[in-house]
Amino acid sequence: MALRAAVSANHQVGMGLAVKAFCSSFSSLPFSLPQSTTENPPPAESSTNLFVCGLNKRTTSEGLRNAFAKYGEVVHAKVVIDHASKVDSDHASKISKGFGFVKYATIQDAESGMKGMDGQYLDGWVIFVEYARPRAPFPQ
DNA sequence: ACTGAGCGG
C-alpha cells in the first residue's frame with residue numbers, strides 16, 4: 001500500500017487573489033465567469049454612492065473626501081465610526097471601522113474616482129473602492 | 001487595548 005494520496009495539500013503561494021469577500025484587489029478576474037447563460041452582466045449598479053474599504057483606522061471622513069475630491073466633486077464623504085470604543089477621558093474615543101462611503105455628484109465622477117482611488121494608498125493602507133449598495137431610506 | 005472582515009443613520 002504505497003500509495004501516495006494527496007501529494008501536496010496546499011502548496012500555493014496564496015499571494016494572488018484572496019477573493020473572500022469584497023475589497024478585492026482589482027476587478028480584473030483572470031477567470032471567466034460562467035455568466036454567459038443570460039446576457040445581463042451587472043458588475044455593480046452604477047451609483048453615486050461609493051463604498052471605500054481598507055481605510056486606516058485613523059483615516060477620517062475629511063481624508064476620504066480630500067482623497068476622492070481629486071477625481072470629482074464629492075457631495076458627501078462619510079467614514080463609519082465604531083461606537084464601541086470608549087476611553088475614559090481624552091479624545092480619540094471614536095475610531096473608524098476601516099471603511100466609509102463617498103457620494104459623488106455624478107456617475108462619471110464616481111466611476112472616475114473609483115477607478116482612480118481603487119488600489120491606491122491612503123494613510124499607508126491600500127484602499128478599495130466599490131459601488132455601495134442601494135441602502136437608501138428613501139427609495140429614490 | 002486590539003486584532004483588518006466588511007456596507008452607514
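# Reading the fold, the rings and the DNA contacts

Mentor: From the N terminus on, chain A runs β-α-β-β-α-β-β-β. That makes two helices and six strands. Helices (H or I, at least four residues) and strands (E, at least two) are DSSP runs, numbered from the N terminus. This is a predicted model: local features need pLDDT of at least 70, side-chain atom pairs count only at pLDDT 80 or more, and totals for chains, interfaces and linings use all residues. Residues are numbered from 1 along each chain as its sequence is written, chains are lettered from A and ligands numbered from 1 in the order in which they are written, and side-chain values use heavy atoms, with hydrogens and water left out.

Trainee: In what order do the four strands of the open sheet stand?

Mentor: Start with pairing: two strands pair if DSSP finds at least two bridges between them. Here the order is β2-β3-β1-β6, with antiparallel pairing. β2 and β6 are the edge strands, each pairing on one side only. On average, neighbouring strands of this sheet are turned by 25° against each other, direction ignored. For such angles, axes are lines fitted to C-alpha atoms (for helices over the stretch in contact), and angles run from 0 to 180 degrees between N-to-C directions.

Trainee: How many bridges join β1 to β3?

Mentor: Five, and the two strands run antiparallel. Val52 has Gly100 as its bridge partner in β3.

Trainee: How many aromatic pairs does the structure hold, and how do I read one?

Mentor: A pair of aromatic rings is described by the distance of the centres and the angle of the planes. Rings of Phe, Tyr and Trp (its six-membered ring) pair if their centres lie within 6.5 Å; planes under 30 degrees apart count as stacked, over 60 as edge-to-face and the rest as tilted. This structure holds four such pairs. One of them joins Phe51 and Phe99: 5.6 Å centre to centre, 50° between the planes, tilted. Phe51 lies in strand β1 (residues 49–53) and Phe99 in strand β3 (residues 96–104), so the pair ties together parts 48 residues apart in sequence.

Trainee: Is Phe51 buried or exposed?

Mentor: Buried means under 20% relative accessible area, exposed over 50%, partly exposed in between (1.4 Å probe, protein chains only). Phe51, at 17%, counts as buried. Phe99, at 25%, is partly exposed. Now take Phe68 and Tyr104: the ring centres are 6.4 Å apart and the planes at 55°, so this pair is tilted too. Phe68 sits in helix α1 (residues 61–68) and Tyr104 in strand β3, 36 residues apart. Both Phe68 and Tyr104 are buried. In chain A, buried residues make up 24% of the 140 residues.

Trainee: Which residues are closest to DNA strand B?

Mentor: A residue is near a strand or molecule if one of its heavy atoms lies within 4 Å of it. By that rule 24 residues surround DNA strand B, the closest being Cys23, Leu55, Lys97, Trp125 and Arg135. β3 gives the most to this surface, with four residues.
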